[in-house]
Amino acid sequence: MAMTDRRTLMALAATALLPAGLARAAINPSETDNLGFTPDEPFLAQARRLLAKVPAIDLHAHPGRTFGRGAVGLSAAAASIIAGGPFEDRAIADMRAGGISGASFAAVADLQILDARGTALAATREFAPGEARATYGRQIANLKTYVVAAGAQLVRQPSDFTTFKRRGEIGALLAVEGADFLAGDLSGLRAAFDDSVRSITLVHYHSNELGETQTAPGPSQGLTGFGRDVVTEMGRLGMIVDVAHAAEPVVRGVLAATDRPVMCSHTFILGHGTNNARFISEALAREIAAHGGVIGVWPAGIGATTLNDYVDRIFQLADVVGPDHVALGTDMDANYRPVMTSYRQLPLVVSELLRRGYGEGHVRAFLGGNFLRVFKTVWAGRIR
C-alpha cells in the first residue's frame, strides 16, 4: 500500500507541472511498475511539453490487433503468441494520453500460415492459391474500418503527420508486414498504394518471392530478382521499404537496389548483452544509416526486463549509428513480452532520455524527425 500511495502522489505531482490541456494524460500508478528508474518530475514535465509540440511517430505497431479479425485457420498457439493473451483495445486512447501523434497500423501478411515454435513464430506451410491476397484484403478493410471508428486519419503523404498533429488528430500510416500478398505480381503494389498503404515490410516469418526471413534464412540468402523489382517499384510509387525481419543478405540487396533510404522498423543490434535472430549486426545497422535510413528501437522482452533497459538500448543504438538514425519502433499490441507496455509510458521514456543527457534535439529526432526525413525523401523521389 505504501508503494502504491507513493506512486499515486508522484503521478499527481507530475500532473500539477503540466499545462492544463495535458493534465488528463497523467501517468497512472500501474504504468510506473517495472521501470528500473525513478521518474524525475521536472524532466517528466519537460517531456510532456515536448510531446505536445512535436510529432511522435511509432514506426511499427498493430493498433487494435485488427489483423486477427475474421482470420480463418489460425493456430491457437500462433494466435496466443501474436495476440499476447487477453486483450483490451486501448490503442488510440493510449496514444492520445502518451503524446503519440501517429503510428504504423500494420497488417500481417503471413498470419494464417504461422504457428508457434517454442517462443517464436514460423511458417509451417505455403499459401493456398489466392489465400495471401484474400488475407491482405480482409486486413486492410479491417484497418480502414478501425481507423474511421477510432477517429484517426489515414496518412497518405509526409505532411499529413504535421497537419494531423496540429489538429490534435492521430495519423495512421497503413503498412503490411510481409509482401506475400503480391504473390509474384508487381501490379499488386499499385493496388496497395491505392489502398493507402505507404510501407511494406518485405518479409515477415515466411520466406517469400522476395527473399528469406532472418529467423529462417535459406541457402541463397539474398534479394531475388522479383525483390529488386518490388524495391524499384516501391521507390517509384513513394512507398517506404521496411527491411525488418529480412536476412542480412536480403537487406544488403535492398540497399544495392535503391538510392532511397529505408527503415528497419523494429529491431536491436547484436552484441549488446543478448543475441537473437531478430537482431541485426552493428555492421548492417551502420550500412542502413549510411544509406540515410532509420532504425526503430524495439522494446521486446529479449534480454530486457525494465523500461530502463529500453532507454539503454536507445543510447546503445545511437552510439553505433548516430542519433540521426534512431527512432521509436514498439510493435505495440503484438510485441513479445514488451518492456514498454503502453503508449502512456512514452513521456517516461522521453523524460529519462532528457535526464540522462540525450538532448532535446536528439529526442525530437527519435520521436519523429528521423522517420519524417526518410518518408519525405522517399516521397519526393516518387514518379508522379
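Contact here means heavy atoms within 4.5 Å. The model is predicted: local features need pLDDT of at least 70, side-chain atom pairs count only at pLDDT 80 or more, and totals for chains, interfaces and linings use all residues. Residues are numbered from 1 along each chain as its sequence is written, and side-chain values use heavy atoms, with hydrogens and water left out.

Asn 370 sits in helix 13 (residues 360–380). Helices (H or I, at least four residues) and strands (E, at least two) are DSSP runs, numbered from the N terminus. Asn 370 counts as buried because its relative accessibility is 2%. Buried means under 20% relative accessible area, exposed over 50%, and partly exposed in between (1.4 Å probe, protein chains only). With neighbours within four places in sequence set aside, Asn 370 contacts Val 294, Pro 323, Asp 324, His 325, Val 326 and Ala 365.

Val 294 belongs to strand 10 (residues 294–297), which is covered on both faces. Val 294 and Gly 296 are buried on one side, Ile 295 and Val 297 on the other. In a regular strand, side chains alternate between the two faces of the sheet.

Strand 10 pairs with strand 9 (residues 263–267) in the parallel sense, over three bridges. Pairing requires at least two DSSP bridges between two strands. Val 294 is the bridge partner of Met 263. Strand 10 also runs parallel to strand 11 (residues 326–328), joined by three bridges. Here Ile 295 stands opposite Val 326. From strand 10 the chain passes through helix 11 (residues 307–321) to strand 11 in a right-handed β-α-β crossover. Right-handed means that, with the strands pointing away from the viewer, the path from the first strand over the helix to the second runs clockwise.
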